[in-house]
Each structure stands twice: as C-alpha cells, then as structure tokens.
Amino acid sequence: MSKSVSLVAVKTTKNDGMLTCEKVLRGQAKVTEIRLEADKFKLGSLDTMLLGLERITKCENMCEAFLKRTDKLYQDLVPEKTLSAQKLESKDLGSVTLEKFLTQFVWDDIRFPRSSGLFDQIRAIEEKLESLDKNMKNRNAAFSASKAELSTLEKKDTAGALPSREATDIVFELLAKKSPNCNPKLFVNSRYLCSVLVILSKDKVEEFEKSYESISETIVPGSLVFLGEIHEKPIAHMIVFEKGLDDTILRTKDLFGGIAKKLIFNSEDAKEAEKRKNELVNKQSFDKNFLLAGCVESFKESFIVLAHIKMYRIIIDGSLRFGSFSNFSVLLLLFEKNRDAKIIQSLIKAFAEQDKLEFYGTKEQLNDVEDFFPFVYTTFQMNI
C-alpha cells in the first residue's frame, strides 16, 4: 500500500515533542525522529534565514513540480511501471527504498556541504535543479523530434495516404514485403517510354485487366502486371509512351476511378529509403531508452535533492519559530493516503494553546492565503 509522507517540527523539551506526537498519532501514523547535527548548519542572521526560507520554498515547489513531470513522462512511456519503486543510493545505507531512505535519513555532506554559508548552500541546490531540468528537457526534445519524424514517415503507410504517396515509395514498400510480381526489371524510363503505377479498387481489377489497352493508344499492349496489394488496394504496372502520359492518367481516373502515377525507379533510392527508415526506427528506440534512463536517474537524484530541501525548510522555519535546534524536534510521519487533515487536527490539539485553538488550521479552514499551525509542517507531494 502506498503511503503519504510529511515532515513536522514541533516544540520540544527533553524529547517530549517526539513522545507527544507518538501518543496523539498512535494508529494514524508512524513517527520517526530525524536526528540532524545542529552545529553543522550555518543559518546566519535572522534576515539571512528569512531570505533563505523564501528561496528554499521556491526550490521545494520547483523540485516537486519537476518530480511530477518526470513521473508523468515515465508513466506515459511505460504505464506498467512506477518510479516510486526505484531504490536510492544512501551515503551510509547503500541501496534502499524511498521509505527507508527517509526514515533513516542521513545528511549527505558530499552532495550538500554545510560548511559554506546558507546563501551558497541554497544556490548549489538551485543550480542542481536547473541542471536536472535542462538535462531532461534535452532528452525529451530529442525523443519528441525522432518520434515526430518517424510518425511522419509512418503516416505515409496508412490507407488514406496511399493515393498521395510517391510511386517510388509504393514500389519500395512492395519490394520490402517481397511481393513476388514486383520485379525492378519490369520498370522502364527512357526518352520515349515510362512506367506507370495504377492504384485500383478490387471491384475494378477484372474490368481494368480486360480493357486497360483501350484507355489510350499510347499504352504498350501486354505490359500490364499486378505487382501486389497495399492496404487491400491492388497495385498495377504498365508501360506508356511518354507523349500520352497525361491523357492516360486522366482517363484511368475517369473510366476506372484509379490513381495513375509515373514511376521513375532507382534501386539505390530504394535501398537508401529502407536504410533511412531503419535508422529512424533505431534512433527513436535509442532516444526512448535514453529518455527512460534519464527519467530514472533524474527521479532518484531529484528525490534526494527534495529530501534535503525539505529538511532545510523545516530547519530554517523551525529555527525562526522556536529559536534554536534545542527547542524543537524534526519528525517524519508515514501514513495512509488522505489522512493529512486528521493528522494536522490531532497535532493542532496537541501543540496549540487550548484557548487559541480556533486561530490554527489550514488556509481553507481559516479562509486565508496560507496555513497557520503551532508547528512547522510540509508534505511530500507524492506517495511512496
């Protein structure tokens, strides 16, 4: 069963914040305390923290939006799989599930060194998000371009597109299908004679075969050969004197409803067309796999980034609200979907002054622009 995840910073004295949460949320959520080395964070002055909170909140929104886009893209390509099943590489634990990564969270000072000031720490996160987004856009653009190119080529293979296709394309397809009567030795292209393809409906085949020579006196008698079928449309070939080509094309349509096209066949063109199609198929397959790999890599990396962003937000906001690390506990809550509202109400009752309960609630409850709680609260906008 998928689970929802939230982080909360609650006021504490001698760890009673953790105990209070466990008590009020028993049966509703699994509570895990996230122990962070407070002395390693350089949060700076009040103004620095206020600015830092604004910037890290923007990073949080950007990262969650990026994760949603990446997940949707992956689901569109492979609906039977989910990115939430991926495992992450934890600095101390190795390869772990998303849940274990969060419940046993350890700050990664290699990716996110806390030795620099808060401004530089957040700037490093902003640059990481920009890099991830740019990389995915490039991969998606390459996939979309090759997909569109292949789709354009494949549209020529539909029944509706058959009348407008080039005669050479039609012959290439018949050759690729190994139609037994489609032999390049039949085709002519000289100063006086040319090959003509005719696309017919099946109910006209017999009539056409009997009387095609009467269409025009410029048709070479006995030159008719049925090369095969495409989309259940018979394809015929005949030889016509060049001077009567236009008349033959018009009368074929008037008398038989057929589409006649001059054919100038080149075997090298046929080979090149088939080679080009195979290259497009292979490129599209490569671009798709490259994009899928990018989705997985980006999801893993951005989820790790998001976990650190949320820790930053909790730490900065908690420090602004409660004064110092020693005054609050950072807790991770795991619970079933759609229990957020009930959990928030339980926490409000536990940590708000009893005579001020009505001042706290979600923005919807308060008819305000933002939530107002006696604790710091943020939810991962995904299930794990």
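Predicted model: local features only at pLDDT ≥ 70, side-chain atom pairs only at ≥ 80, totals over all residues.
Trainee: Which residue forms a salt bridge with Glu60?

Mentor: Side chains of opposite charge can pair when their charged atoms come close. For Glu60, the closest N and O atoms of the pair are 2.6 Å apart. The partner in this salt bridge is Arg313.

Trainee: How many residues apart in sequence are the parts that Glu60 and Arg313 tie together?

Mentor: Look at the helices that hold the two residues. Glu60 belongs to helix H2 (residues 46-77), while Arg313 belongs to helix H8 (residues 267-322). The pair therefore ties together parts whose separation in sequence is 253 residues.

Trainee: Which residues does Arg313 touch, leaving out those up to four places away in sequence?

Mentor: Glu60 is one of them, and the side chains of Arg313 and Glu60 also make a polar contact at 2.6 Å. Taken as a whole, the list is Leu53, Ile56, Thr57, Glu60, Gly318, Tyr377 and Thr378.

Trainee: Helix H8 also holds Arg276. How far apart are the closest N and O atoms in the salt bridge of Arg276 with Glu149?

Mentor: This pair links distant parts of the chain, with Arg276 in helix H8 and Glu149 in helix H4 (residues 118-155), 127 residues apart. Arg276 is partly exposed at a relative accessible area of 37%, and Glu149 is partly exposed at 36%. Between their closest N and O atoms, the distance is 2.2 Å.

Trainee: Where does Lys202, the salt-bridge partner of Glu229, lie?

Mentor: The closest N and O atoms of Glu229 and Lys202 are 3.6 Å apart. Glu229 is partly exposed, with 39% relative accessible area, and Lys202 is partly exposed at 47%. Glu229 sits in strand S6 (residues 225-230), and 27 residues away in the chain Lys202 sits in the loop between strand S5 (193-199) and helix H6 (205-211).

Trainee: Which residues are linked in a network of salt bridges?

Mentor: Here we move from pairs to a group. Two arginines take part, Arg55 and Arg123, along with glutamates.

Conventions: Residues numbered from 1 in each chain as written. Heavy atoms only, no water. Salt bridge = Lys/Arg side-chain N within 4 Å of Asp/Glu carboxyl O. Helix = DSSP H or I, 4+ residues; strand = E, 2+ residues; numbered from the N terminus. Buried < 20%, exposed > 50% of the residue type's maximum accessible area, 1.4 Å probe, protein only. Polar contact = N/O pair within 3.5 Å; in protein donor to acceptor, adjacent residues only side chain to side chain. Contact = heavy atoms within 4.5 Å.
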